[in-house]
Amino acid sequence: MAELNKLQRCYHCGAVLQSEDPNKDGYISPDIIEKYPEGLLLCNNCYKTEKFKNNPQEATFDEDYEKILKVIRAKKALVVYVVDLFSFEGSFINRLIELLEGIDVLVVANKRDLLPKEANDADLEAYVAHRLRVAHFNVVDSVITSTNHGGYNLDKMFQLIIKYGEGRDVYFVGASTSGKSALISEFLKMYLNNTSKMIVTYTFNDTNLRGIRIPITNKNYIYETPGTSIDNSLLSKVETSVYNAIVPKKAVEPKKVVLTKDTALMFGSLVCIELLSKERTPIYAYVSNKVDVKAHKSILGDNSKFIKGIFEKGTYKPASANFKNLKDFDVYEFQITEEGGRDIGILGLGWINFQGNKQNFRIYVPKGVYVYTTRSKIKHDFKQK
């Protein structure tokens with residue numbers, strides 16, 4: 001009687017897996033099949049080029065903004081660049097920074113209220129200054145602010161705008177999630193129009209972009225430009241109910257977890273971080289208080305079972321119907337070479353903080369979501385007592 005055998009296929013591209021010819025489709029190293037005979041496998045090509053990536057996607061940039069920035073440059077105007085302190089890397093757009101070179105820029109690091117009260121302002125200011133240096137972004141000044149709970153440092157921000165913007169136009173720019181409009185609203189509460197001009201909705205020349213124009217004098221204005229989109233954020237990949245769960249409405253409470261080898265840390269059913277190295281690693285997780293943060297014993301080499309049980313079933317909350325199987329996720333591996341306090345962040349969700357000690361991490365995120373690592377934003381004492 002003929003024997004019927006089911007052929008193993010690549011979980012990503014569907015090619016029949018084979019171990020004879022590396023130049024043909026579906027090639028997989030023989031030791032992988034021997035080690036994981038029952039797992040859902042990837043051919044070598046998909047493993048290298050599709051799943052385990054080295055260059056997370058950075059945010060794209062609206063070309064119409066280049067036209068606005070040319071006008072700003074010609075006017076020698078002051079730019080107030082508003083960034084989201086909670087999601088700094090997402091609102092700190094490299095292409096925009098390049099285009100702002102040579103323009104006077106005041107950086108406003110907003111949403112201080114979303115960080116724990118015990119976070120040290122001096123540390124936060126040092127973090128902002130460090131990121132500016134790394135980006136080779138020369139600015140006239142910077143300030144940390146918040147518009148909630150009566151506002152924080154708003155008077156200082158207004159004083160700096162007056163100091164650096166006197167006698168010229170001022171343009172507020174920033175990502176759509178930076179809180180730029182809230183800052184403008186706070187400004188208008190204090191604003192007294194002593195000019196003959198009106199506050200109007202304004203369409204920027206040769207673009208489809210609209211914003212608000214506020215007269216400072218009869219010749220100078222504050223312009224609020226529309227927020228730049230962030231298409232590499234988790235926020236752009238999920239439905240409204242999940243969006244509302246992962247965007248913090250109040251100060252986040254850091255969650256402490258100790259990771260050991262082969263431990264996976266789940267952030268809802270959206271993101272998974274595995275520790276691959278042997279070094280026991282305490283971490284603090286900074287995400288919305290509505291996101292489940294749970295440690296789970298992973299099954300390295302048989303991630304199919306793990307992913308099916310966690311992501312597909314929505315074991316932890318929130319879960320998105322947009323991510324149904326492993327094909328919907330990118331996987332990154334980070335080898336930490338720096339010592340000292342480090343962060344690994346998932347754009348739109350939050351970050352983990354730990355002490356760098358040559359750890360290896362594997363991170364599952366929905367396709368197209370930006371993952372980054374930087375020095376710590378908030379310092380912790382990780383010494384074992």
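I started at Tyr 202, which stands opposite Gly 211 in β7. I note that this is a predicted model, where local features need pLDDT of at least 70, side-chain atom pairs count only at pLDDT 80 or more, and totals for chains, interfaces and linings use all residues. Residues are numbered from 1 along each chain as its sequence is written, and side-chain values use heavy atoms, with hydrogens and water left out.

I looked up the pairing next. β6 and β7 (residues 210-215) run antiparallel and share four bridges. Two strands count as paired if DSSP finds at least two bridges between them. Strands here are DSSP runs of E with at least two residues, helices are runs of H or I with at least four, and numbering goes from the N terminus.

**The seven-stranded sheet**

Which order do the seven strands take? I read β4-β3-β2-β5-β8-β7-β6, an open sheet with mixed pairing. β4 (141-144) and β6 (200-203) are the edges; each has a single partner strand, so one side of each has no neighbour in the sheet. Neighbouring strands are turned by 25° against each other on average, direction ignored. Axes are lines fitted to C-alpha atoms, for helices over the stretch in contact, and angles run from 0 to 180 degrees between N-to-C directions.

I then checked what lies across this sheet. Helix α7 (residues 154-165) lies across β2 (78-84), β3 (105-110), β4 and β5 (170-174). The helix runs at about 165° to β4. Contact means heavy atoms within 4.5 Å.

**The five-stranded sheet**

I moved on to a sheet of five strands. It is open and antiparallel, in the order β9-β12-β16-β15-β18.

In β15 (residues 340-346) I picked Gly 340. Not counting residues up to four places away in sequence, Gly 340 touches Phe 354, Gln 355 and Gly 356. Asn 357 is 17 residues from Gly 340 in sequence, with 7.6 Å between their C-alpha atoms.

Is β10 (residues 263-267) mostly covered or mostly open? I found five of its five residues buried. Buried means under 20% relative accessible area, exposed over 50%, and partly exposed in between (1.4 Å probe, protein chains only). Thr 263, Leu 265 and Phe 267 point one way, Ala 264 and Met 266 the other, and all are buried.

I traced β10 to two strands. With β11 (residues 271-275) it pairs antiparallel over five bridges. Thr 263 stands opposite Leu 275 in that pairing. β10 and β11 make a hairpin with three residues between them, and Gly 268 in the turn has a positive phi of about 60°. Five bridges also join β10 to β13 (residues 293-297), antiparallel. Here Ala 264 faces His 296.

**On to β17**

Four bridges join β11 to β17, antiparallel, with Leu 275 opposite Phe 361. In β17 (residues 360-366), six of seven residues are buried. β14 (residues 329-335) joins β17 through seven bridges, also antiparallel. Gln 335 has Asn 360 as its bridge partner.

**Cavity**

How many cavities of 30 Å³ or more are there? I count one. About 30 Å³ of space lies in the largest cavity. A cavity is a set of points on a 1 Å grid over the protein atoms alone where a 1.4 Å probe fits but cannot get out; lining residues have an atom within 4 Å of a point. Points are joined across faces, edges and corners, and the volume is the space filled by probe spheres set on them. The lining is Phe 86, Ser 87, Ile 346, Leu 347, Gly 348, Leu 349, Gly 350 and Tyr 372.

**Whole chain**

The chain has ten helices and 18 strands. Buried residues make up 51% of its 385 residues. Of contacts between residues at least 6 apart in sequence, 73% join residues at least 24 apart. The accessible surface is about 19100 Å², 48% of it from carbon and sulfur atoms. These areas come from the Shrake-Rupley method with a 1.4 Å probe; for residues, only the protein chains shown count as cover.

Conventions: 1 Å grid on protein atoms, 1.4 Å probe; cavity = no way out; pocket = protein on both sides within 12 Å on 5 of 7 lines; lining within 4 Å.
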